[in-house]
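Trainee: I have a new structure to look at, and I would like to learn how to read it. Could we go through it together?

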Amino acid sequence: MSLRLSTVILPVRRWHEGGRDQWLRAEQLGFHTAYSYDHLSWRTFRDGPWFGAVPTLTAAAAATERLRLGTLVTSPNFRHPVTLAKDLMSLDDISGGRITLGIGAGGNGFDATALGQEAWSPRERADRFAEFVPLLDRLLTEGSVSHEGTFYSAEEARNIPGCVQRPRLPFAVAATGPRGMRLAARHGQAWVTTGDPKLFEEGTPEQSREALRGQLERLGAACLEIGRDPEPVEKVLLTGFTPEANTVLQSVDAFVDFAGRHRDLGFTEVVIHAPIPDSEFAADEAVFEKIATEALAQLDS
């Protein structure tokens, strides 16, 4: 099974002070996709520079030619399906059909309260996600959409001429629970996970892989439940949140070992963070670039 290698570029640099260069370099290095987080602010980066995902991806689409681009992930925390669909259709057009939407239910971080509301409970996040994804799917595939839901409404919303990618740009649905897995099975061209968060700090690599194996099995079961073959669904692992987080980018050999073990589990794409000095994503830039250019060939040898 072949493995794709992608990267995440956090939107922390001004476009003309290194931001543009990062996206161009990702294309030069041969990454399959370069993603960005879609947050208003995020964790330890809250009090520093942080730019919007949609404008950043628009600029990246104009600056690059071949690199796929996407969010990892967008959530309902501060998005509405109607306005998001318009932005996505436009992004897909500007990029010439190179956009993937990574989408998840969101969490209780800064995005959850930035608009002045109380943070939603896990149940409400799941309920909103279950309404958000199907409506967004319709908005990107149908000429005119009206919807009166519990959380979201649309009145003759139009997205003409539609996406360049048909019937719409691909969804990469982030999910671990049963309801999210069912959404991924029904609407996702890909499924995304960061592993089991309970194992991040104190778990072992073996425990993490076992948890991921269970997630893959549940995704497969959710697909079979609706009569879908799970094999063509892309399985995406966003690294940086498993027990091996501090070692994956230490050397090409360390990455190849990590990637090979997870490819053997069934993952088809591994995503690594572009290094950010003095942060949890600090890493040797030279090693990062060597992984980008040499690791897959070594993995396949």
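Trainee: How many residues of the lining of the second largest pocket are nonpolar, how many polar and how many charged?

Mentor: Please keep in mind that this is a predicted model. The lining of the second largest pocket divides into 8 nonpolar, 5 polar and 1 charged residues. The volume of this pocket is about 250 Å³. It is lined by 14 residues, and Ala-245, Asn-246, Glu-280, Phe-281 and Ala-282 are the closest to its centre.

Trainee: How is such a space found, and what is the volume of the largest pocket?

Mentor: The general idea is that rolling a probe the size of a water molecule over the atoms shows where empty space is left. In this structure, the largest pocket holds about 1,300 Å³ of space. Its lining counts 42 residues, with Arg-43, Val-73, Gly-106, Gly-107 and Thr-194 closest to the centre. Two or more lining residues come from each of β3 (68-74), α4, α5 (178-187), β8 (190-193) and α6 (205-225). By class, 18 of the lining residues are nonpolar, 17 polar and 7 charged.

Trainee: Now the aromatic rings, please. How many aromatic pairs does a search of the whole structure find?

Mentor: A pair of aromatic rings is described by the distance of the centres and the angle of the planes. The search finds 11 aromatic pairs here. Take Trp-42 and Phe-281: their ring centres are 6.0 Å apart and their planes lie at 15°, so this pair is stacked. It links distant parts of the chain, with Trp-42 in the loop between β2 (33-36) and α2 (53-63) and Phe-281 in the loop between β10 (269-273) and α8 (285-300), 239 residues apart.

Trainee: Is Trp-42 buried or exposed?

Mentor: Trp-42 is buried, because its relative accessible area is 8%, under the 20% cut-off. Phe-281 is buried as well, also with 8%. Another pair, Phe-132 with Tyr-152, is edge-to-face, with 5.4 Å from centre to centre and 85° between the planes. Phe-132 belongs to helix α4 (residues 122-141), while Tyr-152 is in the loop between β5 (144-148) and β6 (153-158). Phe-132 counts as buried at 0% relative accessibility, and Tyr-152 does so at 3%.

Trainee: Which residues do ring pairs link into a cluster?

Mentor: The cluster is made of Tyr-37, Trp-42, Phe-45, Trp-50, Phe-200, Phe-241 and Phe-281. Charges can sit over rings too: the charged end of Arg-128 is 3.9 Å from the centre of the Trp-120 ring. Likewise, Arg-168 lies over the face of Phe-171, 3.6 Å from the ring centre.

Key. Residues are numbered from 1 along each chain as its sequence is written. This is a predicted model: local features need pLDDT of at least 70, side-chain atom pairs count only at pLDDT 80 or more; totals for chains, interfaces and linings use all residues. Side-chain values use heavy atoms; hydrogens and water are left out. Rings of Phe, Tyr and Trp (its six-membered ring) pair if their centres lie within 6.5 Å; planes under 30 degrees apart count as stacked, over 60 as edge-to-face and the rest as tilted. Helices (H or I, at least four residues) and strands (E, at least two) are DSSP runs, numbered from the N terminus. Buried means under 20% relative accessible area, exposed over 50%, partly exposed in between (1.4 Å probe, protein chains only). A charge sits over a ring if NZ of Lys or CZ of Arg is within 6 Å of the ring centre and within 35 degrees of the ring normal. On a 1 Å grid over the protein atoms alone, a cavity is a set of points where a 1.4 Å probe fits but cannot get out, and a pocket is an open set with protein on both sides within 12 Å along at least five of seven lines; lining residues have an atom within 4 Å of a point. Grid points are joined across faces, edges and corners, and a volume is the space filled by probe spheres set on the points. Ala, Val, Leu, Ile, Met, Phe, Trp, Tyr, Cys and Pro count as nonpolar, Asp, Glu, Lys and Arg as charged, and the others, Gly among them, as polar.
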